[in-house]
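Visitor: I am new to this structure. Could you show me how to read it?
Guide: Gladly; let us look together.

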Amino acid sequence: MRSAHVGVMPSSTCFPSLLPPSFTKSKSSPKFSMSLSEDPVREWILSDGKATKITKISPVGGGCINFANRYDTDAGSFFVKTNRSIGPSMFEAEALGLGAMYETGTIRVPKPYKVGPLPAGGSFIIMEFIQFGASRSNQSDLGRKLAEMHKAGKSSKGYGFDVDNTIGSTPQINTWSSDWVQFYGEHRLGYQLKLALDQYGDRTIYEKGQRLVKSMGPLFTNVVIEPCLLHGDLWSGNISSDKNGEPVILDPACYYGHSEAEFGMSWCAGFGGSFYNSYFEVMPKQPGFEERRDLYMLYHYLNHYNLFGSGYRSSAMSIIDDYLAFLKA
């Protein structure tokens with residue numbers, strides 16, 4: 001789910017090891033450093049940002065959750081997002097995700113610089129400004145670079161992330177687990193199914209969905225699954241290219257998971273044959289890939305149902321019913 005232009009973010013406390021060395025954080029605490037000056041964005045840009053003057057502030061469109069601005073200075077440009085109603089935890093988690101992807105040295109992402117609270121309430125994040133090119137990134141390059149990120153971004157802790165974050169505005173629970181099928185069933189499908197039950201009283205989709213969760217194990221037979229760093233919300237609105245035509249990915253909902261889960265938003269990402277061919281040259285296709293594809297889409301259809309209403313229910317229900325029939329569950 002896209003929430004602003006260059007970059008979006010999730011929640012919770014900070015783990016400095018995931019961040020680029022230049023990311024601003026407190027020396028005395030694992031929390032990001034937070035200044036309560038009258039204009040903390042301006043203060044950071046004119047100090048740690050190495051600028052002596054801000055020459056222009058321009059709004060950047062595209063967001064439905066956050067406000068976004070480009071700050072032009074004599075030290076270059078910065079991208080700033082603000083949210084007047086949510087504390088820094090959402091942006092802290094986004095920064096952790098961006099930092100983790102940035103540290104792989106593979107696909108280009110905006111480098112996060114600073115997160116903090118706004119004095120009148122809300123929060124901000126400052127990150128690298130990336131000038132987008134005139135056209136979308138080359139599909140083959142995107143597939144290869146994404147696969148390189150998945151190959152490089154590994155975790156010794158299992159599946160999950162050091163903080164919970166958000167998928168759109170829905171909480172995304174990232175409690176560590178050593179079992180991928182258990183993690184995906186509980187923290188991805190199970191969480192969304194319970195949300196649909198609580199929000200809409202939709203007992204049909206909840207009960208059928210839980211049957212699928214309990215019986216989906218055979219879909220992973222003979223599959224080698226390793227925790228890979230995932231963007232987590234990869235659709236066309238979160239994919240662009242820089243002025244050199246290199247792919248750029250934005251607004252993550254990062255966690256470590258099965259690489260195939262990255263394609264869960266492919267129904268609105270426009271991935272073509274050249275994308276998948278290049279991806280699988282780096283990350284070989286696993287047995288049963290096609291049989292699992294809709295299972296990973298289901299998480300995002302359920303999230304859209306919970307966020308936007310009944311227009312997405314039939315797609316989610318159809319996937320569940322098809323899997324129950326396929327699995328004879």
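Visitor: At what angle do helix α7 and helix α8 pack?
Guide: Two packed helices are described by the angle between their axes and the distance between the axes. Here α7 (residues 289-308) and α8 (residues 313-326) pack at about 145 degrees, their axes 8 Å apart. Axes are lines fitted to C-alpha atoms, for helices over the stretch in contact, with angles from 0 to 180 degrees between N-to-C directions. Helices are DSSP runs (H or I, at least four residues), numbered from the N terminus. One caution: this is a predicted model, where local features need pLDDT of at least 70, side-chain atom pairs count only at pLDDT 80 or more, and totals for chains, interfaces and linings use all residues. Residues are numbered from 1 along each chain as its sequence is written, and side-chain values use heavy atoms, leaving out hydrogens and water.

Visitor: Which residues in α7 and α8 meet?
Guide: Contact means heavy atoms within 4.5 Å. Among them are L295, L298 and Y301 in α7, and I319, I320 and Y323 in α8.

Visitor: How many salt bridges are there?
Guide: A salt bridge is a side-chain nitrogen of Lys or Arg within 4 Å of a carboxyl oxygen of Asp or Glu. The count comes to 14. One of them joins D321 and K208 (3.0 Å, N to O). That pair links distant parts of the chain, with D321 in α8 and K208 in α5 (residues 203-215), 113 residues apart.

Conventions: Helices (H or I, at least four residues) and strands (E, at least two) are DSSP runs, numbered from the N terminus.
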